[in-house]
Amino acid sequence: MYDLSQPLTDGMQTYPGDPDVDITAAADFETDGYRVTAVSFGSHAGTHIDAPAHTEADGKTLEAFPIDRFEMDAIRIDCGDLGAREPIPPERVPDADVDAVVFHTGWDDHWGTTTYYDHPFLAPETARQCANHGYDVALDTLSPDPTSSSNADDDEPDGFEIHHELLGNECLVVENLRGLERLPDQFALRVYPLALDGDGAPVRAVAVCE
């Protein structure tokens with residue numbers, strides 16, 4: 001089993017404009033005889049899953065899905081040859097008997113830096129192919145859409161086009177994975193969200209390999 005999750009830490013990197021992650025002591029052993037931690041974060045902090053309600057006005061929330069929906073037979077797609085802000089082409093999408101495709105870009109190496117915002121992203125046709133296959137999508141990047149930065153190009157997909165394509169077809173999206181280089185091409189992916197009936201939630205992402 002491999003833990004693919006970014007730890008939730010105080011002040012960690014988040015999507016631009018999302019709430020900060022704040023982790024502070026509410027009670028300590030020396031003063032109170034026990035420890036309690038106050039934790040504040042957005043629903044899309046760290047390694048997390050997007051429900052359709054994230055971008056779709058009438059989209060389902062996480063609680064609308066059965067718990068076994070978060071157990072996925074997955075295939076890893078090597079995208080390590082792609083550079084900053086390069087689109088992942090539709091030719092990378094396989095025709096396979098799996099539930100989810102996991103795009104391995106290696107961009108988790110840049111976690112916590114401004115370079116992390118300049119990750120590869122799904123081309124619109126790539127997202128359409130994933131939706132046509134009914135694949136859930138997971139990535140080791142901040143988003144399947146390009147993230148705004150000073151390096152953005154005018155010809156990049158605008159807004160949340162990729163999210164709309166995937167979530168609009170009830171294909172779940174998992175973001176900010178790490179350590180995908182350790183995995184075989186096919187594995188079982190477990191991404192159980194917090195019991196939060198909302199647009200998304202942090203997950204403990206785990207790969208189970210034979």
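Q: In which helix is Glu125 found, and how is such an element assigned?
A: Helices (H or I, at least four residues) and strands (E, at least two) are DSSP runs, numbered from the N terminus. Glu125 belongs to helix α2, residues 124-133. The model is a predicted one: local features need pLDDT of at least 70 and side-chain atom pairs count only at pLDDT 80 or more, whereas totals for chains, interfaces and linings use all residues. Residues are numbered from 1 along each chain as its sequence is written, and side-chain values use heavy atoms, with hydrogens and water left out.

Q: Is Glu125 buried, partly exposed or exposed?
A: Buried means under 20% relative accessible area, exposed over 50%, and partly exposed in between (1.4 Å probe, protein chains only). With a relative accessible area of 34%, Glu125 is partly exposed. From C-alpha to C-alpha, Glu125 lies 58 Å from Thr31, and the two are 94 residues apart in sequence.

Q: Why is β7 described as largely enclosed?
A: Five of the five residues of β7 (residues 100-104) are buried, so the strand is largely enclosed by the rest of the structure. Ala100, Val102 and His104 point one way and Val101 and Phe103 the other, all of them buried.

Q: What is a nonpolar core, and which members of the largest one touch the most other members?
A: A nonpolar core is a set of buried Ala, Val, Leu, Ile, Met, Phe, Trp, Tyr and Cys residues joined through side-chain atoms within 4.5 Å. The largest here has 23 residues, and Leu4, Ile49, Val102, Leu177, Leu189 and Val191 touch the most other members. Two or more residues come from each of β5, β7, β11 (186-193) and β12 (200-208). The greatest contribution is that of β12, with four residues. A second, separate core of 21 residues includes Ala131, Tyr135, Cys171 and Val173.

Q: Where is Glu175, and which side chains make polar contacts with its side chain?
A: A polar contact is a pair of N or O atoms within 3.5 Å; within protein, one must be able to donate a hydrogen and the other to accept it, and residues adjacent in sequence count only if both atoms are side-chain atoms. Glu175 lies in strand β10 (residues 173-175). The side chain of Glu175 has such contacts with the side chains of His48, at 2.7 Å, and His163, at 3.1 Å.

Q: How far from Glu175 is the nearest side chain of opposite charge?
A: Lys and Arg count as positive and Asp and Glu as negative, while His and the chain ends are not counted. Side chains of opposite charge can pair when their charged atoms come close. A salt bridge is a side-chain nitrogen of Lys or Arg within 4 Å of a carboxyl oxygen of Asp or Glu. Glu175 is buried and has no salt bridge, the nearest opposite charge being Arg85, 14 Å away. Asp108, in the loop between β7 and β8 (121-122), is likewise buried without a salt bridge, and there Arg178 is the nearest opposite charge, at 6.8 Å.

Q: How many salt bridges does the structure hold, and which residue is joined to Arg85 and Asp118 in one network?
A: There are eight salt bridges. In one of them, Arg85 meets Asp118 with the closest N and O atoms 2.7 Å apart. This pair links distant parts of the chain, 33 residues apart: Arg85 in the loop between β5 and β6, Asp118 in the loop between β7 and β8. Both residues are buried. Through shared partners, Arg85, Asp118 and Glu156 form one network.
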